[in-house]
Amino acid sequence: MRGCDRILSGHRTPSLRERLADLAAVDFDGLDGRPDFYGGGPVAALERRVAGLLGKPDAVFFPTGTMAQQVALRCWAERTGNRAVALHPLGHLEVHERKAYQTLTGLRGVWLTAEPRQPTAQEVRDLDEPFGTLLVELPLRDAGFLLPTWDELNALVAAARSRGAKVHFDGARLWESVFHLGRDLPTVAGLADSVYVSLYKTLGGLSGALLAGAEDFTAQARAWRHRYGGQLFQQWPAVVAALGGLDRELPRLPEYVAHAKTVAAALAALPGARVFPHEPHTHQFQLWLPGPAAALNQAVLTLAEQQKTWFANSFTDRSPGMAMAEITVAAPALEWTAADVTAAGLALLELAAAAAG
């Protein structure tokens with residue numbers, strides 16, 4: 001991928017030397033000041049900036065989103081007296097974190113639906129047991145980066161409130177979700193009692209996450225961050241990278257989301273292809289092609305070697321005869337026309353057929 005001249009999905013991974021140069025080039029007055037020591041300094045500057053972007057009174061920096069969300073849910077469980085969390089079984093906490101919220105934090109998940117879609121307000125109202133917190137992942141990544149409509153999201157939140165529950169947004173990719181919802185960040189975040197955002201998934205930072213909410217909530221979250229081992233001595237590299245990402249990527253997200261529709265339409269026209277959702281809700285979506293995945297992955301490498309073109313990251317086998325890859329339309333893809341996408345897709349399928357024998 002680093003040797004390719006054109007990239008359809010994602011960004012070229014920089015070297016360590018390039019990363020260091022990027023950090024030095026970030027427009028941040030604090031670069032000539034003291035680093036952070038268990039918080040403060042650049043960490044506090046990032047916390048203030050993200051709190052302002054989300055329209056929340058305060059925000060807390062965490063080294064990982066896994067830790068941030070466990071702390072958020074734990075705080076709400078302590079306040080509501082109910083350790084049950086209503087969430088989707090395809091959510092990040094269930095699929096990608098080894099159920100840490102259950103095994104480490106002692107919480108219990110209750111599923112609203114098993115369908116690969118966002119839950120409905122009716123499902124929240126009709127859940128057959130009480131719960132203390134509703135967790136909504138925006139977008140629901142493993143279902144295809146799916147978002148509700150603005151009215152559906154409001155109804156979800158209202159249904160949770162009617163049950164006496166708190167609302168937490170897993171907003172790892174909230175930055176790019178606002179366009180489909182048709183509202184700005186403060187308006188969307190304002191629906192929830194707490195919001196988690198990632199600093200690297202969209203912004204291209206090194207690592208880290210922010211948890212935002214009311215000041216009494218963030219004070220409690222800071223105490224639990226310390227107990228969970230998240231109060232690191234210095235975290236300025238991740239913080240400076242995140243500040244750079246806010247400057248660089250946030251202004252370009254409208255372009256990414258708009259161009260994703262062009263890319264998705266061109267990919268959907270390939271023989272045997274399926275794109276889900278048919279019109280992407282964000283700048284990410286699923287591409288399904290005739291498998292097997294091993295042949296498609298070999299074709300990706302061959303296309304990179306022969307034509308210096310990177311098509312997508314790894315395909316995985318899904319339904320019989322089909323394999324799926326996630327497509328991320330970012331800055332490199334803005335150079336691609338629909339015709340470019342079609343040509344690369346046809347070349348990939350030809351190479352995959354040869355690899356499959």
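Predicted model: local features only at pLDDT ≥ 70, side-chain atom pairs only at ≥ 80, totals over all residues.
Local features were considered at pLDDT of at least 70 and side-chain atom pairs only at pLDDT 80 or more, whereas totals for chains, interfaces and linings use all residues. Residues are numbered from 1 along each chain as its sequence is written, and side-chain values rest on heavy atoms, with hydrogens and water left out.

Nonpolar cores were defined as sets of buried Ala, Val, Leu, Ile, Met, Phe, Trp, Tyr and Cys residues joined through side-chain atoms within 4.5 Å. Residues were classed as buried under 20% relative accessible area, exposed over 50% and partly exposed in between (1.4 Å probe, protein chains only). The largest such core comprises 58 residues, and those with the most contacts inside it are Leu-46, Leu-54, Phe-131, Leu-153, Phe-169 and Trp-175. Helix H11 gives the most to this core, with seven residues; helices (H or I, at least four residues) and strands (E, at least two) are DSSP runs numbered from the N terminus. With contact taken as heavy atoms within 4.5 Å, and residues up to four places away in sequence not counted, Leu-153 touches Val-136, Leu-138, Pro-148, Phe-169, Leu-181, Val-188 and Leu-191.

Helix H13 covers residues 293–307. At 1.5 Å times one less than the number of residues, its 15 residues should span 21 Å, which agrees with the 20 Å between its end C-alpha atoms. Ala-293, Ala-295, Leu-296, Ala-299, Val-300, Thr-302, Leu-303 and Ala-304 are buried in H13. The buried residues of this helix pack against strands E10 (284–290), E11 (309–310), E12 (316–317) and E13 (322–328), and against helix H14 (338–356). Lys-308, which follows H13, has a positive phi near 55°.

Four aromatic pairs are present. Rings of Phe, Tyr and Trp (its six-membered ring) were paired if their centres lie within 6.5 Å, with planes under 30 degrees apart counted as stacked, over 60 as edge-to-face and the rest as tilted. Phe-37 and Phe-233 form a tilted pair, at 5.4 Å centre to centre and 50° between the planes. Phe-37 belongs to the loop between helices H1 (16–25) and H2 (41–54) and Phe-233 to the loop between helices H10 (215–227) and H11 (236–248), so this pair ties together parts 196 residues apart in sequence. Phe-37, at 38% relative accessibility, is partly exposed, as is Phe-233 at 44%. The pair of Trp-224 and Tyr-228 is edge-to-face, because the ring centres are 6.1 Å apart and the planes stand at 65°. Trp-224 is buried at 14% relative accessibility, whereas Tyr-228 is partly exposed at 23%. Ring pairs also link Phe-37, Tyr-38 and Phe-233 into a cluster.

A charge was taken to sit over a ring if NZ of Lys or CZ of Arg is within 6 Å of the ring centre and within 35 degrees of the ring normal. The charged end of Arg-227 sits over the ring of Trp-224, 4.5 Å from its centre, and that of Arg-6 over the ring of Trp-336, at 4.2 Å.

Gln-70, in helix H3 (residues 65–80), is buried with a relative accessible area of 4%. Leaving aside neighbours within four places in sequence, Gln-70 is in contact with Ala-100, Tyr-101, Leu-104, Thr-105 and Tyr-228. Zero disulfides were counted, a disulfide being a pair of cysteine sulfur atoms within 2.5 Å. Cys-4 is buried at 4% relative accessible area, and Cys-75 is buried at 0%.
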